[in-house]
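Work through the exercises below with the sequence and the model open. Try each task before reading its solution.

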Amino acid sequence: MIVGILTAKLMDRGNMREFIKTGKRMKIPVYVIPIDSMDMETLTCEGYRWNGKWERVLCPFPTVVYNRILARRVENGPIAQQVLRELENLEIPVFNPGYFDKGKLYKIVGSHSETRELLPETEELHSLSHLREMLETCRQLYAKPVQSYGGKGIIRIDYADNEALVWKQLKGIQTCENMRIQDLYYKLSQNRRHKKYVLQKGISLARVNGHIYDLRVLVQKNRYGNWCVTGVGARVAPRYGILTHVPNGGAVWDAREALLASFHKKGVQILDDVKDKALKLAAVIEKKTPGILGEMSMDIGVDEEGRPWFFEANAKPGKFDEPEIQKLSIQRVLEFCRYLSFNRAIVESRK
């Protein structure tokens, strides 16, 4: 078995190095292969390997491909699409087919009986009257670009006196602007960078030391091809913050400690419940997503009563800050590669 980590270019080098080093310990050859270095006519490719330093080499053609193209523009481009199609024709397993679209993701979760109750009221923004109606009903909304990640472009809208208080957070700093509803709608609908938004009802989240937080859950396929929870971390918003993402001012906390601080002994039960719900969500999302999924991270909030809520899922999880989760996640990816190499029928079944 030869594992190829398909990328836009050699980046995230520290993480890639750990994949190669873990592969050596597991006796699995791993190469980092930029998408434009694969020649599908001759079935040859150049890739990178770590041998005390990075070396570009002519490498064996991969027999299992882990898609880590971390740029939508590159992944949706003609070169990447052609390579992915031809790998599929060759029946070479490729997992993690592409980024999730938030609008489609929420429809999947919201339409299944096992996961519907986990989703806060969520609808795609389509008109001024729709925005006004949801604000009057929910009083607080989050507007999320459908094709963003890491909390980029998300704003919170509080409805008061027929106007909108629009909250933003940049590098941990919050700003608030009072806007007319029609001006807000125009701003969202004319946004050139984030062309489509979903509106999601605000949830009164649990707090630790007065700060709101949510949970990051990493679910992955294991050596038997089954979903399992690799780890859970908590992300705590800055003081008065509206978002918990670390690049935007959030802080890393131990999930169990955060839940115990909020709910005392009940926190252990809530953590188990969150893990159980994450596995159900992964199974439901997988059924409605073409291609082979090997992992996803989820943002799951817990309200003041201890009830879990699904906020979003990412098909290309970033490296977790928790070293133990990061280490196990790499091992699980390579174990799933090995599973795929011995279970080629799954490639045909997921077309």
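The model is predicted.

**Exercise 1. Describe how helices α7 and α8 pack.**

Solution. 
- Step 1, geometry. Helix α7 covers residues 255-263 and helix α8 covers residues 266-287. Their axes come within 7 Å and cross at roughly 130 degrees.
- Step 2, class of angle. Angles of 65 to 115 degrees count as roughly perpendicular, and those over 145 as roughly antiparallel. The pair α7 and α8 is therefore oblique.
- Step 3, hand. The crossing of α7 past α8 is right-handed.
- Step 4, contacts. From α7 come Ala255, Arg256, Leu259, Leu260 and Phe263. They meet Lys266, Gly267, Val268, Ile270 and Leu271 of α8.
- Seven residues of the contact of α7 with α8 are nonpolar, one is polar and two are charged.

**Exercise 2. State which residues of α4 and α8 make their contact, and classify the crossing.**

Solution. 
- Step 1, geometry. Helix α4 spans residues 102-111. The axes of α4 and α8 come within 10 Å, at a crossing angle of roughly 115 degrees.
- Step 2, class of angle. The range for roughly perpendicular is 65 to 115 degrees. Helices α4 and α8 are therefore roughly perpendicular to each other.
- Step 3, hand. α4 and α8 cross in a right-handed way.
- Step 4, contacts. α4 supplies Leu105, Ile108 and Val109, while α8 supplies Leu281, Val284 and Ile285.
- The contact of α4 with α8 has six nonpolar residues, no polar and no charged ones.

**Exercise 3. Characterise the largest pocket and the second largest pocket.**

Solution. 
- Step 1, volumes. The largest pocket holds about 1,300 Å³ of space. Its lining has 46 residues, with Tyr149, Gly150, Gly151, Lys152 and His245 closest to the centre.
- Step 2, elements. Two or more lining residues of the largest pocket come from each of β11 (163-170), β12 (173-180), α6 (181-189), β18 (295-302) and β19. β11 gives the largest share, four residues.
- The lining of the largest pocket has 20 nonpolar, 12 polar and 14 charged residues.
- Step 4, the second largest pocket. This one holds about 830 Å³. Of its 29 lining residues, Pro97, Gly98, Thr289, Pro290 and Gly291 are closest to the centre.
- α2 (72-75), α3 (78-89) and α4 each give two or more residues to the lining of the second largest pocket. α3 gives the most, with four residues. By class, this lining has 13 nonpolar, seven polar and nine charged residues.

**Exercise 4. Find the largest cavity and describe its lining.**

Solution. 
- Step 1, count. There are four cavities of 30 Å³ or more.
- Step 2, volume. The largest cavity has a volume of about 220 Å³.
- Step 3, lining. It is lined by 17 residues. Tyr142, Lys144, Asp214, Ile242 and Phe311 lie nearest its centre.
- Step 4, elements. β9 (140-145), β13 (197-201), β15 (211-221) and β19 (308-314) each give two or more residues to this lining.
- Eight lining residues of the largest cavity are nonpolar, four polar and five charged.

Technical notes. Residues numbered from 1 in each chain as written. Predicted model: local features only at pLDDT ≥ 70, side-chain atom pairs only at ≥ 80, totals over all residues. Heavy atoms only, no water. Axes fitted to C-alpha atoms, helices over the stretch in contact; angles between N-to-C directions. Parallel < 35°, antiparallel > 145°, perpendicular 65-115°, else oblique. Left-handed = near helix turned anticlockwise from the far one by under 90°. Contact = heavy atoms within 4.5 Å. Nonpolar A, V, L, I, M, F, W, Y, C, P; charged D, E, K, R; others polar. 1 Å grid on protein atoms, 1.4 Å probe; cavity = no way out; pocket = protein on both sides within 12 Å on 5 of 7 lines; lining within 4 Å. Points joined across faces, edges and corners; volume = space filled by probe spheres on them.
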